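Visitor: I'm new to reading protein structures. Could you walk me through this one?

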Amino acid sequence: YAVAKRFIKLPYVSLVNLIAGQAVVKEFIQDIDPARIAGEVLGLMQDALKRQTMLDAFAKMANDLEGGAAVRAAQAIAAVLHKNYHIVPSVGLTTA
């Protein structure tokens, strides 16, 4: 982690925060302290607004990722195969 941190400049480490583009979950990197983790979990359990904000962020990410990059990539590949090699795409893919 210490070596990578010098070369890679990212605002977050967790995939959740990177996808969201904001701090959704607390990152405990190289500082794994059970008391701090328990405090964070307890805070989520006791603070309905904090918990709902996190759940809303998860829901937004799920919605944003639904039918996202993987589907578009598959459709683009199917279009190239159809156009260049006259291969008909499989069920569920269109060349549009």
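Visitor: How are H3 and H4 oriented to each other?

Guide: This is a predicted model, where local features need pLDDT of at least 70, side-chain atom pairs count only at pLDDT 80 or more, and totals for chains, interfaces and linings use all residues. Residues are numbered from 1 along each chain as its sequence is written, and side-chain values use heavy atoms, with hydrogens and water left out. The axes of H3 and H4 (lines fitted to C-alpha atoms, for helices over the stretch in contact, with angles from 0 to 180 degrees between N-to-C directions) come within 5 Å and cross at roughly 100°. Angles of 65 to 115 degrees count as roughly perpendicular, under 35 as roughly parallel, over 145 as roughly antiparallel and the rest as oblique, so H3 and H4 are roughly perpendicular.

Visitor: Which residues of H4 does H3 meet?

Guide: Contact here means heavy atoms within 4.5 Å. From H3, the residues taking part are Glu40, Gly43, Leu44, Met45 and Gln46. Their partners in H4 are Ala48, Lys50, Arg51 and Met54.

Visitor: How many helices are in the protein chain?

Guide: Helices (H or I, at least four residues) and strands (E, at least two) are DSSP runs, numbered from the N terminus. Read along the sequence, the pattern is α-α-α-α-α. There are zero strands, and the number of helices is five.

Visitor: What span does H3 reach from its first C-alpha to its last?

Guide: The expected span of a helix is 1.5 Å times one less than its number of residues. H3 covers residues 34-46, which is 13 residues, and the expected value is 18 Å. The model comes close to that, with a reach of 18 Å.

Visitor: Which residues of H3 are buried?

Guide: Buried means under 20% relative accessible area, exposed means over 50%, and partly exposed lies in between (1.4 Å probe, protein chains only). On the other side of H3, Pro34, Ala35, Met45 and Gln46 are exposed. Helix H4 (48-65) is included in what covers the buried residues of H3. Those buried residues are Glu40, Gly43 and Leu44.

Visitor: What is the relative accessible area of glutamate 40?

Guide: Glutamate 40 sits in helix H3. Leaving aside neighbours within four places in sequence, glutamate 40 is in contact with Lys26, Phe28 and Lys50. Glutamate 40 counts as buried, with a relative accessible area of 18%.

Visitor: What do the buried residues of H4 pack against?

Guide: The buried residues of H4 are Met54, Ala57 and Met61. They cover an arc of only 60° around the axis, which puts them on the same side of H4; the arc is that of the directions from the helix axis to the C-beta atoms. The face turned away from that buried side carries the exposed residues Leu49, Lys60 and Asn63. As for the buried ones, they pack against H2 and H3.

Visitor: Is isoleucine 29 buried or partly exposed?

Guide: Isoleucine 29 lies in the loop between helix H2 (15-20) and H3. In sequence, isoleucine 29 and serine 14 are 15 residues apart, and in space they are 9.2 Å apart, C-alpha to C-alpha. The relative accessibility of isoleucine 29 is 34%, so this residue counts as partly exposed.

Visitor: What share of the residues in the protein chain is buried?

Guide: Let's finish with the whole chain. Among contacts with a separation of 6 or more, residues 24 or more positions apart account for 24%. Of the 96 residues in the protein chain, the buried share is 12%.
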